Amino acid sequence: MQYHIYVLSLCSFSCRSVICADNRFRFSWSFAVAYLCSNTNLLVFVAEDKGSSLEAFAAETHDPSLCWKDIEWLRSITSLPILIKGVLTAEDAIKAMEIGVAGIVVSNHGARQLDYSPASITVLEQVVRAVGGKIPVLIDGGVRRGTDIFKALALGAQAVLIGRPILYGLAAKGEYGVQRVIEMLKAELELTMALSGCPTLKDITRSHVRTEQDRLNCRL
Ligand SMILES: Cc1cc2nc3c(=O)[nH]c(=O)nc-3n(C[C@H](O)[C@H](O)[C@H](O)COP(=O)(O)O)c2cc1C
């Protein structure tokens with residue numbers, strides 16, 4: 001039996017049991033299907049459905065007064081570990097640690113929010129260095145092959161998260177497609193490890209990869 005962690009988006013409508021149990025948006029299952037088909041459908045539906053509190057919730061989610069203190073509050077109401085996602089700088093990583101998060105996810109949210117934000121792999125190392133092994137650092141964004149996972153681990157990530165490849169597998173072949181994507185990535189990682197002389201994950205070290213910065217340093 002293999003276990004995989006599914007990270008549900010705050011605005012996700014895909015997990016029926018969770019949504020139905022909570023149903024803060026007060027929508028029917030067909031509404032959820034409409035969302036999965038197209039964003040435009042969602043907007044049309046919201047405009048028509050006076051009963052939905054989606055807009056209010058979205059406004060709350062993007063509250064400009066949100067700040068680090070809110071993470072402290074979140075910590076005060078739960079004993080669950082809190083991981084903060086979207087960290088791209090050493091400064092934010094240090095702040096997150098000071099506030100007491102259990103882990104960091106280096107991410108630019110799939111490069112969908114802000115043009116010219118750095119690719120997460122390019123800032124991973126500075127975040128790892130700032131964290132200094134005190135809490136786990138995970139990464140997502142652009143992981144498409146086993147070699148990408150290998151690079152992330154070599155640069156100090158504890159694990160990677162996968163976004164769109166899973167969705168593509170799901171769209172192509174449903175549950176089997178998702179399973180295949182995970183199997184393929186795992187097989188590619190194992191092959192990369194074998195060809196790099198790494199029998200275990202612990203054997204993957206910083207010296208196995210060369211970054212742009214390394215190349216520049218060579219020229220100095
Ligand atoms: C359709 C879609 C919706 C997303 N919604 C959110 C979101 O609500 N919150 C969030 O933090 N990230 C969101 N993301 C970003 C993912 O959580 C994740 O960071 C990203 O997809 C990982 O990169 P990858 O798709 O290249 O693997 C979304 C990504 C996609 C493709």
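Two strands pair if DSSP finds at least two bridges between them. Helices (H or I, at least four residues) and strands (E, at least two) are DSSP runs, numbered from the N terminus. The model is predicted: local features need pLDDT of at least 70, side-chain atom pairs count only at pLDDT 80 or more, and totals for chains, interfaces and linings use all residues. Residues are numbered from 1 along each chain as its sequence is written, and side-chain values use heavy atoms, with hydrogens and water left out.

**Exercise 1. State how many helices and strands the protein has, and describe its sheet.**

Step 1. The protein has 10 helices and 4 strands. Along the sequence they follow the pattern α-α-α-α-α-β-α-β-α-β-α-β-α-α.

Step 2. The 4 strands form an open sheet in the order 1-2-3-4, and their pairing is parallel. Strand 1 and strand 4 (159-161) are at the edges with a single partner strand each, so one side of each has no neighbour in the sheet. From one strand to the next, the twist averages 30° (axes are lines fitted to C-alpha atoms, for helices over the stretch in contact, and angles run from 0 to 180 degrees between N-to-C directions).

Step 3. Leucine 138 lies opposite alanine 159 in strand 4.

**Exercise 2. Describe the largest nonpolar core and the surroundings of valine 131.**

Step 1. A nonpolar core is a set of buried Ala, Val, Leu, Ile, Met, Phe, Trp, Tyr and Cys residues joined through side-chain atoms within 4.5 Å.

Step 2. The largest such core has 36 residues, and Val131 is among those with the most contacts inside it. Elements that give two or more residues to this core include strand 1 (83-87), helix 7 (120-131) and helix 8 (146-154).

Step 3. Contact means heavy atoms within 4.5 Å. Leaving out residues up to four places away in sequence, valine 131 touches Ala93, Met97, Ile104 and Val137.

Notes:
Buried means under 20% relative accessible area, exposed over 50%, partly exposed in between (1.4 Å probe, protein chains only).
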